[in-house]
Amino acid sequence: MSRYAMVLDPARCVDCKACMVACTAENDVEVGYHRNWVRAAVKGSFPELSMHIEPGQCMHCDDPPCVRSCPTGASYINEAGGIVGVDEKKCIGCRYCMLACPYDARYFDEESGIVGKCTFCDHRLALGQEPACVETCPTKVRVFGDLDDPDSEVSRLMRTRNTEKRLAHAGTAPNLNYIID
Amino acid sequence: MEHHEWGWMIVVYLFLGGLGAGCMVLSGAAHLGRRGRYQGIARAGAILAPILVGVGSGLLIFDLGNPLRFWRLFVTFQPTSPMFIGSWLLIGFSLVTMIYAVLQLPPSWLRSLAGRFPKGSSALETLATWNKPAKVEVQAGKSLERDQIDINFPHSPKAVRRLRSAMAGIGIPLGLGVGIYTGVLLGAIPARPFWNTPMVAQLFLFSALSTAAALLMLVTPLVFKGDASHSELQHRSLLRADLIFIFLELFIIIPYIIHGELSVLSAKESLGMILGGPYTGPFWVGVVLIGILIPAAVELVEASVGIKKLPVLLTRGLHFVVPVMILVGGYLLRWVFVHAGQDTAFL
């Protein structure tokens, strides 16, 4: 069994958005939509404010509210690796999952009438490759790997660095970890 | 206001769904409660319930990205999804209310239909006979004898009478279920703090019942032409029922705001939507003042001291304007909640 996760180091991000371009090209995402992002975040309260940029995408939560709320079973957790996916044949386009996601990680493709999201590039994983956003990043913000493998880079980073999860108190047990030291 | 995934179709669905559900609850209660006395409410509510919920459900399906795939809701089992549970509730509600409505159709409508469709005329004539209500004499201040009340449809065979009452009995919990569900659909989402409290489901339920009472005040005189004292009795009973519902709404809105203000940052921030934010006007003027406070005040006066001393025209005017205000307020309640909720996020 594997348990896929990502460790991100936002301090390395230079806001070039190559990850977004790579994702869009790799997954044929319709123009105008994105499966990942680089967002600006403000921290602290006036006058001690700081602004930083932070890349992100679906957190592939262990307890995803999108899967819980889906009325047709189209949103599911892939047993192999815990990737949260959308079965395109089952999705009816009600968008309930989008409202249920605290990360706003999903989008509605008007053309096909179904909801899209990050897949951790599972089609590339099957070929032994990394997700497109990870491979493309020129400053190596993202590290992708298997938490069940203690020798993997993500496991090592989780052991050696201080990380936190975004909106951990939402209780969805996300699998994207942000380095904070 | 950012782009909202759920727009006017969902707003109208939540409004009509609640309205239809409330009509069924009030109709069922009127039918089972004091039988013959509230025949007008029972009939009007029975006819409106499946139509309103049907139109609402149609919008719900049309709003889907893939409307033709809506059947997928019924070939799976997703007990954790409020939408899945709600879909089955809507199916059950539609079936029960359609049977119930047929058994409540006015004989005059059925007879005119029989004239137009000669092939089914005998069946329609039979149904018209079954649906003929008992002649109920209501005298002011006098309650009916028990045996007079029990046989409301004296021309129906016993089995049909039982079926009609059974549908009314099943329809009430189904109606309450649909009314609650429209609120649970929003309330079950932690990611939208404006919605994420059990009070939304209660508020939507009592708003559903209040708007249904208002609609029945308008419609009952049109489908049931009893004598004047009879229709006055129906109006007074709807008025009293609505006073309960409308005050319950108020008793939910007040703690909803207090609770939110004393809650975590996400909830507090989300309340800003109606406390100074973009939905402040529609909520306080539309929902609270027009939909709740003014109607409650007028109804309270009418129920306690009566407005008989007013000129007839003014009384009639109030009997039209107040229900319309309640309906407008009920619609705005859905509008504010659907949109304000989508503008909020978990912090």
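Trainee: What should I know before I start?

Mentor: The model is predicted, so local features need pLDDT of at least 70 and side-chain atom pairs count only at pLDDT 80 or more, while totals for chains, interfaces and linings use all residues. Residues are numbered from 1 along each chain as its sequence is written, chains are lettered from A and ligands numbered from 1 in the order in which they are written, and side-chain values use heavy atoms, with hydrogens and water left out.

Trainee: How many helices and strands does chain B have?

Mentor: Helices (H or I, at least four residues) and strands (E, at least two) are DSSP runs, numbered from the N terminus. Chain B has 12 helices and 0 strands.

Trainee: And how compact is chain B?

Mentor: The radius of gyration is taken over C-alpha atoms, and the globule rule is 2.2 Å times the number of residues to the power 0.38. For the 347 residues of chain B the rule gives 20 Å; the radius of gyration is 21 Å, close to that, so chain B is as compact as a globular protein of that length.

Trainee: What percentage of chain B is buried?

Mentor: Buried means under 20% relative accessible area, exposed over 50%, partly exposed in between (1.4 Å probe, protein chains only). Here, 52% of the 347 residues are buried.

Trainee: Which residues of chain B lose the most area to chain A?

Mentor: Buried area is the accessible area (1.4 Å probe) that two parts lose on being put together, summed over both. Between chain B and chain A that comes to about 2,300 Å², with 57% from carbon and sulfur atoms. On the chain B side, Glu5(B), Arg72(B) and Phe346(B) lose the most, together 24% of what that side buries.
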